[in-house]
Amino acid sequence: MECSLGDVTIHYETQGTGRPILMIHGFTPDHRLMTGCMEPIFKEREGWKRIYIDLPGMGKTKGSPQIESSDDMLDVVLRFIDAVIPNESFLVAGESYGGYIARGIISERKEYIDGAAFICPLIIPENEKRTLPAHHVLYRDEDFLAKLSKEEKEEFTSISVVHDEYNFNRYRDEVASGCSIADEEFLAKIQKRYGFSFPVDEQLSSYDKPSLFLFGRQDSIVGFKDGWSLLDKFPRATFAVLDRAGQNLQIEQSTMFTSLIHEWLDRVEESK
């Protein structure tokens, strides 16, 4: 499906009917990152309309000369919300950069958002200011890795902490597939103004709806310690740091991920 906003046309997909949940992927992949981990969950639940967006410059959404920063990215997503689910209450789930954009949405539309989930969320935009663990591999299936091409092996092992066939296949299909078609020139422009021009987490005084923060203990991309600064701003949030998980927590700890997303949705349904 496509949503024309004038300066940019957003590609998105919807699944199911009912209460809307906006799913926002990370920086460089596309909506398949979110469909891969979320759709199996909704095979067991009814009454939810899942909206999977491709952010500008990623997936099938082309970049635009008018979009130059994360402020502009947030503005695009807010306009998309106004066009696709105008004046409706909804949930938001974001992974990595998508979790950063999600907090921007909450800062602007808090009264409409019934719950929020953050998967390995970007907390601090500036890489040099993040508290990061060293990249640490916990498991390697050497026989399987030997079957990969040099390029596949280098790409997969540079970010993952569990190196086996299951994790590679999901990484290839859900993450790398989107990265391979991203507009790198456009995204390089966004990276120059990667942080919002406003202090999003300071601006957000408190968000008291059911929430979930999932961090990978071995996530060397965005880390996990910086997220604890948000503990008091989300008084109804579960904060979980999962061992044996890096930036692709939803894949490397798929069972725990599924369980915790179900529990989050249970709390949302109960509160409504």
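Biologist: What volume does the largest pocket have?

Modeller: About 450 Å³ in this model, which is a predicted one. Of the 20 residues that line the largest pocket, the closest to its centre are Phe-27, Thr-28, Ser-96, Ile-221 and Gln-247.

Biologist: How do you know that a residue lines a pocket?

Modeller: Lining residues need an atom within 4 Å of a grid point of the pocket. In the largest pocket, 20 residues pass that test. Helix H6 (residues 165-179) gives the largest share of them, three residues.

Biologist: What makes up the lining of the largest pocket, by class?

Modeller: There are 12 nonpolar, six polar and two charged residues.

Biologist: And the second largest pocket, what is the space in it?

Modeller: About 190 Å³. Its lining has 16 residues, and the closest to the centre are Ile-123, Pro-125, Pro-199, Val-200 and Asp-201. Two elements give two or more residues to that lining, helix H3 (97-109) and helix H8 (200-203). The largest share, three residues, is from H8. By class, the lining of the second largest pocket splits into nine nonpolar, two polar and five charged residues.

Biologist: On to the sheet. What is the order of its strands?

Modeller: S1-S2-S4-S3-S5-S6-S9-S10, an open sheet of eight strands with mixed pairing.

Biologist: Why do strand S1 and strand S10 stand at the edges?

Modeller: Strand S1 (2-4) and strand S10 (237-242) each have a single partner strand, so one side of each has no neighbour in the sheet. On average, neighbouring strands are turned by 20° against each other, ignoring direction.

Biologist: How do you know that S1 and S2 pair?

Modeller: Pairing takes at least two bridges between the strands. Three bridges join S1 to strand S2 (residues 9-15), so by that cut-off they count as paired. The two run antiparallel, and Glu-2 stands opposite His-11 in S2.

Biologist: Which strands does helix H1 lie across?

Modeller: Helix H1 (residues 32-42) lies across S2, strand S3 (19-24), strand S4 (48-53), strand S5 (90-95) and strand S6 (113-119), and runs at about 170° to S4.

Biologist: Why is H1 called roughly antiparallel to H6?

Modeller: Their axes come within 8 Å and cross at roughly 150°. Angles over 145 degrees count as roughly antiparallel, so H1 and H6 get that name. On the H1 side, the contact is made by Arg-32, Leu-33, Gly-36 and Cys-37. H6 brings Arg-170, Asp-173, Glu-174, Val-175, Ser-177 and Gly-178. By class, the residues of this contact of H1 with H6 are three nonpolar, three polar and four charged.

Note on methods: Residues are numbered from 1 along each chain as its sequence is written. This is a predicted model: local features need pLDDT of at least 70, side-chain atom pairs count only at pLDDT 80 or more; totals for chains, interfaces and linings use all residues. Side-chain values use heavy atoms; hydrogens and water are left out. On a 1 Å grid over the protein atoms alone, a cavity is a set of points where a 1.4 Å probe fits but cannot get out, and a pocket is an open set with protein on both sides within 12 Å along at least five of seven lines; lining residues have an atom within 4 Å of a point. Grid points are joined across faces, edges and corners, and a volume is the space filled by probe spheres set on the points. Helices (H or I, at least four residues) and strands (E, at least two) are DSSP runs, numbered from the N terminus. Ala, Val, Leu, Ile, Met, Phe, Trp, Tyr, Cys and Pro count as nonpolar, Asp, Glu, Lys and Arg as charged, and the others, Gly among them, as polar. Axes are lines fitted to C-alpha atoms, for helices over the stretch in contact, and angles run from 0 to 180 degrees between N-to-C directions. Contact means heavy atoms within 4.5 Å. Angles under 35 degrees count as roughly parallel, over 145 as roughly antiparallel, 65 to 115 as roughly perpendicular and the rest as oblique.
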